[in-house]
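User: I'd like to go through this one label by label. Can you set each value against its cut-off for me?

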Amino acid sequence: MSELLDVFIGESRENLESASQELIEIQASGPSSDKVDKIFRDLHTIKGSSDLFDIKPLTRLAHAAEDLLDSVRAKEVDYNDEIGDLLLEALDQISMWFDELENGTQNLAEWQPISTDLGAQLRAFIDPSQAGANTTEQTPAAQANSSTNEIVDSVASALDAFDVNADIALLSKSASSDLYVIEYTPDEGCFFRGEDPVNVALALPGLRAFEINAPAMAADADVYQCVLKITALGEASEDAVVTHMAYYEGQYTLHKLTQQALKYRCKDKILDSVAQLNDEALNDALKTARETGDTNTLQSTAGLLVASQTHAMPIKAVLSFLSSDIDLTFLDDHKQVGGPDDSADAPASGADEHSKEGLLPHEKELLTQQLALMSSEGYSAEFMFPSISILVGNVLKQTFSNEAELISAINAALEDVQNDIPEIQDVVETTNATNESETQTAEEEASQPAKAERQAVKMLKVDQSKIDYLMDIVGELTVAKNSLPYLAKQAEEEGGSKRLSKQIKAHFSIVNRLTESLQSAVLQIRMVPVSHVFQRYPRLVRDLSRKLDKKIELCMQGEDTEFDKNLIESLSEPLIHLLRNSIDHGIESPEDRIEAGKPETGRIDLIATPLDDSVIIEIRDDGKGIDPHKIKLLAFQKGVITESQLESIDDNEALQLIFAAGFSTSEQVSDLSGRGVGMDAVKTMVSQAGGTIEMQSEVGVGSTFKLLLPQTMSVNRVMMFEVNDQMFGVSMDAVVETVKVPTQDIQRIRNENVLVIRDKLIPLCNLRDALGFEPDGGKEEHSILVVSTPQGEFGLIIDKFHEGIDVIQKPLEGVLAGYSHFSGTALLGDGRVLLIINVQEVLSTCL
Amino acid sequence: MPVTYKKKVAVLTGHCEIEEAETLFSWLTEDASRQLNLKTLTTAHTAVFQVLLCLRPKVSVQPESSELYWIVEMLQSDNNKVWCE
């Protein structure tokens, strides 16, 4: 994926997110111009940047959405929920396409119909009469018509509106079958969107002719309002035109027609024109061509007539059409009465005989070039005509014997052209004069609406990997810093210099302070407000509640609570699971709620509260709650608990059973949640992020899920201790206290070592056994590390306590990855590796 | 500067951006006898073309650029139709 695409997707995703957020807000609290404006700008940005890449369907869809919003903004269209839903759908579609782009699995052919369909739906709101018309007038019925060589009325009227003879002129200029007429009326405000309609029209593929309708402007007119109407004729496939006009959807109507249909339409005109010309050679050639299919003669005759005489526009067009390589079968469809057929009975003249030989291809080419030269804008009769006439004369001499007749015709044509010029100048002068009288008294006042400019945000976008790298370096620095105390110790013990040791220690405190501030600064960079994740949820809640026909209100608190970015990302999934659960299983249907005496609309609270170095996230619903007895029974049925546990387990413990693997409380599995993997997965994800989850519930009142998560996952404070001369660590969060007790204080109850501290019974676990070391018998005093776990407090019997230390915990990799006893490793200042114990796992093997 | 305003004639050079449209429009409407020299004009924004097509000022020198054949034709004829050759 290119870097540019990367940036585009990243930025556009932000735009998408903010747009859908605003949309949700609009749906909740009604439209406000600010919000519509913001969504409009977001979509505008996406549309604009997407054009850098070859993803036209996406651009078109974004454009359609943007246009709809523009109409809403201009109060031309009233906002309603249907529009909102459709816009959200469009945003979702775009987001899905971004996914495909990121994975490189995009298939534009698949995108196309989706884009067309959604785009048409969006545009139907702007102009209901155009519903389904989209960009082309061609409906299936119309397509059927065109195959029978008829032109749809709308196309015919568009052609006629351009010029009465537009059909024949277009026919004479087109070579391929796909022709089009496009009526492009740019929006008044299109200049402000950076559009340049005339140049767009000029660049239309296969452009053959165009008209720019420009009304006279009053002197106080706004020059930045586009008042032009452009009609263009050309030959190109529908696709090519639609692609070219992708940006201007909704501003143009495209009429498609085939050359064949045009030929049939022009048939009468062609025959009439030939009759008007009353040229025997041509008539005869036309007749021969129609009878024998030999069009060579006809082409050369018509070509010569074009070159030799000045005709009215339609006749000229007919002749140039006839001179091209054509198929005349269409002329025979009906036998024309009168005209060429009758008059062509006359015997061929001498000239005709010559013309039958036909012009050689290079001669024809030469004549065509001269013709082009004469009608070019740079044509100047005085300078160019002599050379042209000589050339044409030479060519004609080769073919014709009666040159005198031809030269006189050419001279007549020259006269005609020169007579025409003063006439045109007169017209121009009169037009100017009228404009002058209109405009002289007027004053100049053209106000330029200020362009809405987005406020520049003083933000710096940095690749996350750079921050991660910085974090790693800080981690290394922390480790390096930790080696200073060792150095001090060494200096004292081996070097015997207490002074040096003291100096090193003093220095350590400075380095320590700086490292800590550096570390917290880097951590700050990685901190993002939890709203980053939260803002996706209103949409989720809204969608799901509609799907389930429930009424649910989501209230969020503490969105500005900050979290480590990595943590937040790992948090998103479990929260979605929990929310889904609350929506699906928690909140009752409106009828049930009314019956239960609750308000019809259910409420889900999503609350983030900072607590020291952790954050508590609560998801609270006021639904039907969870019945612990039901859970107990289900857990027993599914074999999650034994019969004895069924008896002994208390309500709170029963509730926590929903986090057990393979447990689903819903009798009916729905597509939202309730596959029995959800809660288990949630718990795993939360504990992977170093957090804990618990739930409380009261039947009929609601349930609360409480997640306790560390604010950062990068630096851990661990307590070091020694077992069998080896260093281990345990997370400082788990440590409750450290005690040293004489051996006789340890009691045995039912084969378990226990210790009573301050009237509290604490089960003990000997780490030497648990970690597989030789037992160390005959100690008089034991060091015990009391740790807290969700199951209560436990004591770990160890050999020796060490200090607490900040470490960057690394996950176990390679051969160590299988050891569940350890949660990670860290590097100590003196180069040793510290294994960090996973207390829960160790206890489960030990007890 | 794409547009140089002289006493009677404004000379349009190269590509005329949209920003020129406003000044050009007011300059042309101030005095209807003012003319345009399009000799070295190559392209222009629609807004500029719009001023030319709506006000139809006298053109003292036609553009040399073949790209602009159509504006010449349009300003010379009474309709704004052009067939591409």
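This is a predicted model: local features need pLDDT of at least 70, side-chain atom pairs count only at pLDDT 80 or more; totals for chains, interfaces and linings use all residues.

User: What makes the pair of Phe8(A) and Phe53(A) tilted?

Analyst: Start with the search of the whole structure, which finds 13 aromatic pairs over all chains. For Phe8(A) and Phe53(A), the ring centres are 5.0 Å apart and the planes sit at 35 degrees. Centres within 6.5 Å make a pair, and planes under 30 degrees apart would be stacked while those over 60 would be edge-to-face, so 35 degrees gives tilted. Phe8(A) is in helix H1 of chain A and Phe53(A) in the loop between helices H2 and H3, 45 residues apart. Both Phe8(A) and Phe53(A) are buried.

User: Why is the pair of Phe210(A) and Trp70(B) called edge-to-face?

Analyst: The planes of Phe210(A) and Trp70(B) are 65 degrees apart, with 5.6 Å centre to centre. Phe210(A) belongs to strand S2 of chain A and Trp70(B) to helix H3 of chain B, so the pair joins two chains.

User: And how do you know whether Phe210(A) is buried or exposed?

Analyst: Buried means under 20% relative accessible area, and Phe210(A) comes in at 2%, so it counts as buried. Trp70(B) is at 0%, so it is buried too.

User: Where in chain B is helix H1, and how many of its residues are buried?

Analyst: Helix H1 of chain B spans residues 19-30, and nine of its twelve residues are buried. Among them are Leu24(B), Phe25(B), Trp27(B) and Leu28(B). Across chain B, buried residues make up 60% of the 85 residues. The chain has three helices and seven strands.

User: What makes Lys47(A) and Glu66(A) a salt bridge?

Analyst: Their closest N and O atoms are 3.1 Å apart. The limit is 4 Å, so the pair qualifies. Lys47(A) is in helix H2 of chain A and Glu66(A) in helix H3, so the bridge ties together parts 19 residues apart in sequence. Lys47(A) has a relative accessible area of 3%, and Glu66(A) has 0%. With the cut-off for buried at under 20%, both are therefore buried.

User: Why are Arg539(A) and Asp543(A) about one helical turn apart?

Analyst: They are four residues apart in helix H23 of chain A, so about one helical turn separates them. An α-helix has 3.6 residues a turn, so residues three or four places apart point the same way. Arg539(A) and Asp543(A) form a salt bridge, with their closest N and O atoms 3.3 Å apart.

User: How do you know which labels Arg539(A) and Asp543(A) get for accessibility?

Analyst: Arg539(A) has 14%, which is under 20%, so it is buried. Asp543(A) has 31%, between the 20% and 50% cut-offs, so it is partly exposed.

User: What about the surface: why is Glu595(A) called exposed?

Analyst: Exposed means over 50%, and Glu595(A) has 72%, so it counts as exposed. Glu595(A) lies in helix H25 of chain A. Together with Asp549(A), Glu591(A) and Asp592(A), Glu595(A) forms a negative surface patch.

User: And what makes Leu761(A) exposed?

Analyst: Its relative accessible area is 52%, and the cut-off is over 50%, so Leu761(A) is exposed. Leu761(A) is in strand S17 of chain A. With Ile749(A) and Val756(A), Leu761(A) forms a nonpolar patch on the surface, and the three have about 250 Å² of accessible area together.

How values were computed. Residues are numbered from 1 along each chain as its sequence is written. Chains are lettered from A and ligands numbered from 1 in the order in which they are written. Side-chain values use heavy atoms; hydrogens and water are left out. Patches are made of residues with over 30% relative accessible area and no salt bridge: like charges are joined within 9 Å, nonpolar side chains (Val, Leu, Ile, Met, Phe, Trp, Tyr) within 5 Å. Accessible areas come from the Shrake-Rupley method with a 1.4 Å probe; for residues, only the protein chains shown count as cover. A salt bridge is a side-chain nitrogen of Lys or Arg within 4 Å of a carboxyl oxygen of Asp or Glu. Lys and Arg count as positive and Asp and Glu as negative; His and the chain ends are not counted. The place of a charge is taken as NZ of Lys, CZ of Arg, CG of Asp or CD of Glu. Buried means under 20% relative accessible area, exposed over 50%, partly exposed in between (1.4 Å probe, protein chains only). Rings of Phe, Tyr and Trp (its six-membered ring) pair if their centres lie within 6.5 Å; planes under 30 degrees apart count as stacked, over 60 as edge-to-face and the rest as tilted.
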